[in-house]
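Please look through the sequence and the model shown below before reading on.

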Amino acid sequence: MVTVLPLRLTGATLARRGRTLVGPIDLTLAAGGTTVVIGPNGSGKTSLLRLMHGLQRPAAGRVEWALPDASARTRQSYVFQQPVALRRSVLENLAFPLRLRGVPRARARAAAEDAARRVGLDDRLSQSAPSLSGGEMQRLALARALITDPEILFADEPCAALDGAATRRIEGMLLSAAATTRIVMATHDMGQARRLAREVIFLLHGRIHESGPADAFFDAPRTLEARAFLNGDILE
Ligand SMILES: Nc1ncnc2c1ncn2[C@@H]1O[C@H](COP(=O)(O)OP(=O)(O)OP(=O)(O)O)[C@@H](O)[C@H]1O
């Protein structure tokens, strides 16, 4: 199968007004499993996801997919920390990415209904999406991001501000999506990171401080800083 992976970052930095927010980053994202990006507030989790997804061009270094950027772009989705919904119905929101890709109206509608059923929003199809609750909105955002069957999904704190039940529901969606979609997500919730991650990237001050298989990272972090972070200590 032709695939966009691996994604390779080589000395990549993201900058705003001359200030480096993240990087230089060197990493290779191969196929399979979920990568969880963790680190203190302001350590650069969102910036790293944006850099990988191509929301911003690197100020230095390279961000390269296995396919040309134009094809790579159509095979990835991004869920923002604060999801944005179109001022349209739940059904139209779900159908939108398919319509953008030229899927005929009836087929897009059927797929949207099916997606809504799977995430428990089938009784909300005609409700205006901006009026959904926080948990419902996150489910909508995730279902909309997955409806194109992306090869890779970037999710920035997809459970921020959700209660335990809503969080578990989103985690369930991520776990089933992970069977076919490579996931890279940022989270503050270490329980969630343990439940979902195959691989961890621990950021500190905009750089990768430690990374590797999740089990090893959580059982025996190599660096003092990672140990301190997992203990909930403040890192300056
Ligand atoms: N548009 C911007 N302009 C200037 N600085 C920015 C911008 N976006 C982010 N930053 C800065 O970049 C650094 C990293 O921010 P980022 O949002 O990537 O961190 P984070 O790890 O996702 O934080 P949090 O856990 O609080 O969401 C922070 O110091 C932040 O203030």
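Three strands make up an open sheet, in which 3 strands stand in the order 2-1-4 with antiparallel pairing. Its edge strands are strand 2 (19-29) and strand 4 (60-64), each of which pairs on one side only. From one strand to the next, the twist averages 25°. This is a predicted model, in which local features need pLDDT of at least 70 and side-chain atom pairs count only at pLDDT 80 or more, while totals for chains, interfaces and linings use all residues. Residues are numbered from 1 along each chain as its sequence is written.

Helices (H or I, at least four residues) and strands (E, at least two) are DSSP runs, numbered from the N terminus, and two strands pair if DSSP finds at least two bridges between them. Strands of a sheet pair through backbone hydrogen bonds, either parallel or antiparallel.

A second open sheet consists of 6 strands in the order 5-6-7-3-8-9, with mixed pairing. Strand 5 and strand 9 (207-213) are its edge strands, each pairing on one side only.

| Strands | Sense | Bridges | A residue and its partner |
|---|---|---|---|
| Strand 1 (residues 7-16) and strand 4 | antiparallel | 4 bridges | Thr-10 and Arg-62 |

Helix 5 (residues 134-146) lies across strand 5 and strand 6 and runs at about 170° to strand 5, where axes are lines fitted to C-alpha atoms, for helices over the stretch in contact, and angles run from 0 to 180 degrees between N-to-C directions. Because 10 of its 13 residues are buried, helix 5 is largely enclosed by the rest of the structure; a residue is buried if 20 or more other C-beta atoms, placed from the backbone, lie within 10 Å of its own. Among the buried residues of helix 5 are Met-137, Leu-140 and Leu-146.

How many residues of each class stand in the shell around the ligand? The shell has 1 nonpolar, 7 polar and 2 charged residues, where Ala, Val, Leu, Ile, Met, Phe, Trp, Tyr, Cys and Pro count as nonpolar, Asp, Glu, Lys and Arg as charged, and the others, Gly among them, as polar. Residues around the ligand include Arg-16, Leu-21 and Lys-45, each counted if its C-beta atom, placed from the backbone, lies within 6 Å of the molecule. Helix 1 gives the largest share of this shell, 3 residues.

Methods
Buried ≥ 20, exposed ≤ 12 C-beta atoms within 10 Å, placed from the backbone. Contact = placed C-beta atoms within 7 Å.
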